[in-house]
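Notebook open, structure loaded. I want to jot down what I looked up, one entry at a time.

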2 protein chains.
Amino acid sequence: MAKVTIIGAGLMGSAMAWPLSDRGHEVHLVGTHLDRATIQSCLERRWHPRLRKAIPEDVRPHFLEELDQVLQGSELILSGVNSLGIHWMAGVLADRVRPGQIVLGITKGLEVGPGGDVLILPEVLRAGIPLALRTSVDFAAIGGPCIAGELSARRQTCVMVGAEGKGTAERLAELLGTDYYHPVPTSDLLGLEVGVALKNAYTLAVGMAYGLLEKSGGPDDAGNSMHNLAAALFAQGCWEIRRILALVGASEAYAAGLPGAGDLYVTSMGGRTVRLGRLLGSGKSYAEARAIMVGETLEAAEIVTAMSRILPTWIGQGRVNRGDLPLLEALVEVVAGGKALDLPLGLFFG
Amino acid sequence: MAKVTIIGAGLMGSAMAWPLSDRGHEVHLVGTHLDRATIQSCLERRWHPRLRKAIPEDVRPHFLEELDQVLQGSELILSGVNSLGIHWMAGVLADRVRPGQIVLGITKGLEVGPGGDVLILPEVLRAGIPLALRTSVDFAAIGGPCIAGELSARRQTCVMVGAEGKGTAERLAELLGTDYYHPVPTSDLLGLEVGVALKNAYTLAVGMAYGLLEKSGGPDDAGNSMHNLAAALFAQGCWEIRRILALVGASEAYAAGLPGAGDLYVTSMGGRTVRLGRLLGSGKSYAEARAIMVGETLEAAEIVTAMSRILPTWIGQGRVNRGDLPLLEALVEVVAGGKALDLPLGLFFG
């Protein structure tokens, strides 16, 4: 059994306490400065207000001030912040990680690297720590279809856990797996991270179909929705994820697996990404939609914005041509370009 | 502009009259013996009772007795029956097709061929006609995410149209395409047909997740559903479709395209396949579920039953090992074996 420290008591970071605790580990849940009310509630009433559940008996909640002490002897550090917190996390970890520790990220996102290419978040975290430690600390990630609330309800869940070394990935799968949480190990960390980030972007498109339905007046007299269009966008999303995975040298098979189709499905079942897509589909500009959803973390928009800068790099390098990823290009136009939505269905599946 | 005859006035056959008519073709809708009330209504009131829509002005409805006359000069014959009607259709076409005609199937299904291998429905139709005609008549198919009602409401829809010759597929895309109906041509007819058939089987699995939710008492106090499990089953479905497409020599990329992920999405949004899956997930045996859904065409069950006979052939030929397709094997156990549901999540994505 291992000592595990979760940093960040948001939905997903906290939910990971359930399988880790059920697996018998010593689990410490450390809130960030944004999580003080959550930690207070966990300490006083053993109640997680956002997950609306009592936390497992042996999970130990902590305010951020206790982090240094808690990290000592932790085999596994789980980075539980969202993409807006990832640089804060890099700073927190910088002078605290020790050789042999594994940093496991749950954040979905993508950044633009120095050369204009894609930079996955485990690399962002790695880049923050002292050079001497970069090879002795593993930066891994979990991805795949997992709604945090369902995990805390111990619902059956399959995810992928990726690390650069197969051994680390397998060790993590061993550390995390329970009879309801099934982590599949992979050494294709890049494919996993690119897949789960992009699926957020393409979920916007699925949401757009239902926004277009609203704009057209809703279901017709015979009750017809716009599932055909949503499905076309869903499939084109998987299709483009496959293309991009191949382009970055990752396993294109994942487009038809947990990081692609599976995670796209679960994200399309509801939540803020679909809501943003609906607003855009219903005719709002990105600025208008953003204003309506003020205060919410819109990772999908961040990812599309990053892709608006990465795509020109790839095109410039001749790795992809303009028009090869028509749906992503359409999303870029809307989110980063502020343009009106124009779905080029005739170019799909080319 | 072409003369087109649709045989079968069910939901999907009839819905095809909309894009064909909008494209300017001379469209004849011929009911089978099961469609007499529908044709009567179309003739008397221009009203399609199942689609709950007025049929396009220039579509000409006919009773089956007029088929011979209508078929004369038809460039395109659309086979609009479901999988239970496919042998009836083969008999109807046997002495009626003429060289140069294209028979376009919309039926989703699979049969077991003479050698125990998979037989796609265009081949079933082809096998029914005189030897001399088998090379001069094209047997093509449409597949992909298309709810008939939405098509008749002229909702945006992307599908694939497959034929053995690229030229025929492209001709069909040209004949069928409108500003709301986007057929993507392919010469991988086998991949298209296997993909769209299998997605029906895997939709059962997605439905099972929600049946298991019902069995467990429904959403918990925090409102948690079972989308994580549904997504895992969705992804494993795509994953196995990919494996099977590779196994039969078809394009495995389609698992992440319209015939795989896209069609699986739209089918999972509701309808009788999901309903059957829910019943099985909630603890009913296949026989019990079948009895509850008496009178409904359960193509998914037919496809799983066909696969229960095809899988042993493939295993015997060493093309796949037992355990390589754990979800399909689980579906076979339930539907063809009458066993209780047991989802081997720990074997997924292996």
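**Helix α5 of chain B.** I looked up what the buried residues of α5(B) pack against: they meet β1 (3-7), α4 (67-71), β6 (76-79), β7 (102-105), β8 (110-112) and α6 (121-127) of chain B. Contact here means heavy atoms within 4.5 Å, and helices (H or I, at least four residues) and strands (E, at least two) are DSSP runs numbered from the N terminus. The buried residues of this helix, which covers residues 86-94, are Ile86(B), Met89(B), Ala90(B), Val92(B), Leu93(B) and Ala94(B). Buried means under 20% relative accessible area, exposed over 50%, and partly exposed in between (1.4 Å probe, protein chains only).

**Ground rules.** This is a predicted model, where local features need pLDDT of at least 70 and side-chain atom pairs count only at pLDDT 80 or more, while totals for chains, interfaces and linings use all residues. Residues are numbered from 1 along each chain as its sequence is written, chains are lettered from A and ligands numbered from 1 in the order written, and side-chain values use heavy atoms, with hydrogens and water left out.

**The A/B interface.** I noted 54 residues from chain A and 54 residues from chain B in the contact. Between them the chains bury about 4200 Å², 63% of it on carbon and sulfur atoms; buried area is the accessible area (1.4 Å probe) that two parts lose on being put together, summed over both. On the chain A side, Arg155(A), Asn228(A) and Tyr265(A) lose the most area to chain B, together 18% of what that side buries.

The rule finds 2 salt bridges across the interface, a salt bridge being a side-chain nitrogen of Lys or Arg within 4 Å of a carboxyl oxygen of Asp or Glu. I looked up the one between Asp220(B) and Lys53(A), whose closest N and O atoms are 2.7 Å apart.

**Symmetry.** How is chain A superposed on chain B? A rotation of 180° with 0.0 Å of shift along its axis does it, at RMSD 0.0 Å, so the two copies are related as by a two-fold rotation axis. Of the residues of chain A, Ala256(A) comes closest to the axis, at 2.5 Å (C-alpha). The copies meet through the same surface, because 100% of the interface residues of chain A are also interface residues in chain B.

**Salt bridges within chain A.** The structure holds 40 salt bridges over all chains.

- Arg36(A) pairs with Glu65(A), closest N and O atoms 3.2 Å apart. The pair links helix α3 (residues 36-45) to the loop between β5 (60-62) and α4 (67-71), 29 residues apart. Arg36(A) is partly exposed at 36%, whereas Glu65(A) is exposed at 57%.
- Asp117(A) meets Arg319(A) at 3.0 Å, N to O. Asp117(A) sits in the loop between β8 (110-112) and β9 (118-120) and Arg319(A) in the loop between α14 (299-316) and α15 (326-335), so the pair ties together parts 202 residues apart in sequence.
- Arg243(A) bridges to Asp324(A), closest N and O atoms 3.1 Å apart. Arg243(A) is in helix α10 and Asp324(A) in the loop between α14 and α15, so parts 81 residues apart in sequence are tied together.

Methods:
Least-squares fit on C-alpha atoms with pLDDT ≥ 70 in both.
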